[in-house]
Amino acid sequence: MTEVIDGNAVATELREEIADRVETLSAAGVEPGLATVLMSEDAASETYVSMKQRDCEEVGMDGIHVELDPEASAEELYGTIDDLNDDEDVHGILVQLPVPDHVDEREVLRRIRPEKDVDGFHPENVGRLVAGNARFKPCTPHGIQRLLAAHDVETEGADAVVVGRSDIVGKPMANLLIQKAPGGNATVTVCHSRTDDLEARTREADIVIAAAGIPEFIDGSMLKAGATVIDVGINRVESEDGSGTELVGDVAYESAAEVAGAITPVPGGVGPMTRAMLLYNTLKAASLQTGVEIDLP
Ligand SMILES: Nc1nc2c(c(=O)[nH]1)N[C@@H](CN(C=O)c1ccc(C(=O)N[C@@H](CCC(=O)O)C(=O)O)cc1)CN2
């Protein structure tokens, strides 16, 4: 029987533990604050940001939301980041990606103070992660590590294939999986659009992380029997009956579930964990910035 890895369930448990730590900080006079910045009219980005704000409310964090016109200048966005960097009540800053083409994304990520960079995308935080001394692990790969642990999927000695090499998921995921640390010690292959014979690699893998951004790219014929399959894709496509749109992952779920030992659904798999790890990083940021120690969950 294929095990369904329920991200909503694991995220709910983690949120409860985070809410408990928020109370501890609050008793010490610290209210963790997360600022989200949206410079886009993309419906998906708007949804993700409002979900993040709702999550803050649920765990008792202070959610601050700034919305900028997508036509506004890059300088206006940089000014907003500078103000949030200087605001003592803001412990974490997240600029929802992607930003408009006229804005230099690298400059945006460099501009956020590394201590408030709860995405873990600032070059200093990327360097720390690669060196095995992460301040903030990027939310999606960290969430995947937590999901694997929650379902007792052993990474040590496992052959893992990461399909996708983005800065947000593929690269940090591969880095976390090779680290000499719990949730690491895997042998990792990173595949991408120029990889020859992708199937030959995925068929050898104990763990497949699909983060290519291509709807239903990985199917059952590409998997080893019993493999753990983690689907990072969130693609909105026309529904088969033509009645509207639906969300599908990078994995063809039905066909993959016939072969896999364990698999994440879309929605309800990796997405909720990405958001839960953002709360985790904000909690950690608040603790580090104020010197109030807590037991991170
Ligand atoms: N600054 C950042 N921007 C973006 C990131 C990021 O980590 N930091 N990641 C992605 C999108 N993303 C986070 O913002 C994200 C995507 C999806 C979900 C989620 O909860 N998905 C739900 C379904 C939601 C729906 O109904 O549409 C699920 O999978 O169950 C959370 C976060 C790009 N940008």
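Analyst: Happy to. The shell around the ligand holds 20 residues, and Tyr48, Leu97, Pro267, Gly271 and Thr274 are the closest of them. Please keep in mind that this is a predicted model. By class, 12 of the shell residues are nonpolar, six are polar and two are charged.

Where do these residues come from? Four elements each give the shell at least two residues: α2 (43-59), β4 (92-95), α6 (139-150) and α10 (270-290). Among these contributors, α10 has the largest share, with four residues.

Residues 138-288 are 33% helix and 19% strand, and their end C-alpha atoms lie 17 Å apart.

Leu97, one of the residues closest to the ligand, is joined to proline 98 by a cis peptide bond, with omega about 5°. Proline 98 sits in the loop that runs between β4 and α4 (105-111), and β4 is one of the elements that supply at least two shell residues. The other case is Pro267, also among the closest residues. A cis peptide bond links valine 266 to proline 267, and here omega is about -5°. Proline 267 belongs to the loop between β11 (262-263) and α10, and α10 is the element with the largest share of the shell.

While you are looking at the backbone, two aspartates are worth a visit. Aspartate 152 has a phi near 55°, a positive value in a residue other than glycine. Aspartate 152 lies in the loop between α6 and β5 (159-163), and α6 is another of the elements that give the shell at least two residues. With 8 C-beta neighbours inside 10 Å, aspartate 152 counts as exposed. Aspartate 197 also has a positive phi, near 50°. Aspartate 197 is placed in the loop between β6 (187-191) and α8 (198-202), and with 9 other C-beta atoms within 10 Å it is exposed. For context, most residues other than glycine have a negative phi.

Moving on to other parts of the chain, helix α1 spans residues 7-27. Its 21 residues reach 30 Å from the first C-alpha to the last, close to the 30 Å expected at 1.5 Å a residue. Gly7, Val10, Ala11, Leu14, Ile18, Arg21, Val22 and Leu25 are the buried residues of α1. These residues cover an arc of only 115° around the axis, so they sit on the same side of α1. Glu16, Glu23 and Ala27 are exposed residues on the face turned away from that buried side.

α3 has 13 residues and extends 19 Å between its first and last C-alpha, close to the 18 Å expected at 1.5 Å a residue. Leu77, Thr80, Ile81 and Leu84 are buried in α3. Seen down the helix axis, the buried residues of α3 fall within an arc of 95°, so they line one face of the helix. The face of α3 turned away from the buried side carries Glu75, Asp83 and Asp86, which are exposed.

One last stop is glycine 63, in strand β3 (residues 62-67). Glycine 63 counts as buried because it has 20 C-beta neighbours inside 10 Å. Glycine 63 and threonine 36 are 27 residues apart in sequence, while their C-alpha atoms are 7.7 Å apart in space.

Key. Residues are numbered from 1 along each chain as its sequence is written. This is a predicted model: local features need pLDDT of at least 70, side-chain atom pairs count only at pLDDT 80 or more; totals for chains, interfaces and linings use all residues. A residue is near a molecule or strand if its C-beta atom, placed from the backbone, lies within 6 Å of it. Ala, Val, Leu, Ile, Met, Phe, Trp, Tyr, Cys and Pro count as nonpolar, Asp, Glu, Lys and Arg as charged, and the others, Gly among them, as polar. The expected span of a helix is 1.5 Å times one less than its number of residues. A residue is buried if 20 or more other C-beta atoms lie within 10 Å of its own, exposed if 12 or fewer, and partly exposed in between; C-beta atoms are placed from the backbone. The arc is that of the directions from the helix axis to the C-beta atoms.
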